[in-house]
Amino acid sequence: MCLEKLIGISEAGDSGLYVTALPGISLENLNKIADKAEQQDADGVFKDVQIRVLNSFRNAFTAEINECYKISDLKIINTLICENKDILAVALWYLFGAEIMAECLMSNRLNRYTMIDRKKAKEQQEYFTQKFYEELTNAVKGINPNASLPEPVEHKSRIVTVQVTP
């Protein structure tokens with residue numbers, strides 16, 4: 001998938017963003033939560049998180065784009081993601097943050113000596129998740145599927161009720 005190198009771990013990915021630039025995430029902390037038998041180090045943690053992030057991102061993007069358009073073809077979804085990856089990068093960055101906090105919460109190596117406590121990790125996960133959805137919504141508003149696809153897609157009609165107070 002075209003998003004694999006968009007976000008880096010401790011050095012900038014193709015987008016110029018990297019997960020250790022997010023608040024509360026450091027290379028040292030990622031190394032400390034790594035399962036030494038399987039993940040071995042921060043790179044292993046990042047690779048495991050990336051698998052979940054890329055799948056979750058596609059699903060969330062599909063749901064969000066379908067708020068405005070009727071698109072069910074996965075090939076079209078993937079095309080839209082790849083052609084608009086630059087404006088989707090910040091949303092993806094925050095999703096990485098949320099998934100890394102999930103990894104922290106699930107790690108059996110998490111304690112007050114090795115990393116942040118569970119309450120703080122949960123707060124950060126909620127913050128990153130909220131930022132992800134905000135950024136995804138804003139990015140999708142800037143995407144016009146008909147500008148890049150050979151066949152026009154159906155736009156869903158939306159009924160918006162606005163209450164005006166005198």
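**Entry 1. Disulfide**

I began with the cysteines of this predicted model, and my count came to 1 disulfide. I found that Cys2 and Cys82 form this bond, with their sulfur atoms 2.1 Å apart. I then looked up where the two partners sit, and they link distant parts of the chain: Cys2 belongs to the segment before β1 (7-8), Cys82 belongs to helix α3, and 80 residues separate them. The torsion about the S-S bond of Cys2 and Cys82 is about -100 degrees, so I recorded the disulfide as left-handed.

I next looked up the accessibility of the cysteines. Cys2 is partly exposed at 24% relative accessibility, and Cys82 is partly exposed at 31%. Cys68 also counts as partly exposed, with a relative accessible area of 23%. Cys104 is buried, with a relative accessible area of 1%.

**Entry 2. Overall layout**

I turned to the protein as a whole and noted 5 helices and 4 strands. Along the sequence I read the pattern β-β-α-α-β-α-α-α-β. Of the 166 residues, 43% are buried. The protein exposes about 9,700 Å², and carbon and sulfur atoms supply 49% of that area. I also looked up the contacts with a separation of 6 or more, and residues 24 or more positions apart account for 66% of them.

**Entry 3. Helix α3**

Since Cys82 lies in helix α3, I examined this helix next. Which residues of helix α3 are buried? In helix α3 (residues 74-83), I found Ile77, Leu80 and Ile81 to be buried. Seen down the axis of α3, the buried residues fall within an arc of 100 degrees, so they line one face of the helix. I noted that the cover over these buried residues includes α2 (42-65) and α4 (85-106).

At the N-terminal end of α3 I found a cap: Asp73 places a side-chain oxygen 2.7 Å from the backbone nitrogen of Lys75.

**Entry 4. The nonpolar core**

I then looked up the largest nonpolar core, which has 46 residues. The members that touch the most other members are Leu30, Phe57, Phe61, Leu92 and Leu136. Helices α1, α2, α3, α4 and α5 (118-141) each supply at least two residues of this core. Which helix gives the most to this core? I found that α4 does, with 13 residues. As general background, nonpolar side chains tend to be buried together in soluble globular proteins.

I followed the contacts of Leu92, leaving aside its neighbours within four places in sequence. Leu92 is in contact with Leu3, Leu6, Ile7, Val53, Leu54 and Phe57.

I also looked up Met101, which lies in helix α4. Met101 is buried, with a relative accessible area of 0%. The C-alpha atoms of Met101 and Phe128 are 8.7 Å apart, and the two residues are separated by 27 residues along the chain.

**Entry 5. Gln40**

Is Gln40 buried or exposed? I recorded Gln40 as exposed, at 53% relative accessibility; the cut-off for exposed is over 50%. The phi of Gln40 is near 70 degrees, a positive value in a residue other than glycine. I noted this angle because most residues other than glycine have a negative phi.

Conventions:
Residues are numbered from 1 along each chain as its sequence is written. Side-chain values use heavy atoms; hydrogens and water are left out. Buried means under 20% relative accessible area, exposed over 50%, partly exposed in between (1.4 Å probe, protein chains only). Contact means heavy atoms within 4.5 Å. Accessible areas come from the Shrake-Rupley method with a 1.4 Å probe; for residues, only the protein chains shown count as cover. The arc is that of the directions from the helix axis to the C-beta atoms. A polar contact is a pair of N or O atoms within 3.5 Å; within protein, one must be able to donate a hydrogen and the other to accept it, and residues adjacent in sequence count only if both atoms are side-chain atoms. A disulfide is a pair of cysteine sulfur atoms within 2.5 Å. A nonpolar core is a set of buried Ala, Val, Leu, Ile, Met, Phe, Trp, Tyr and Cys residues joined through side-chain atoms within 4.5 Å.
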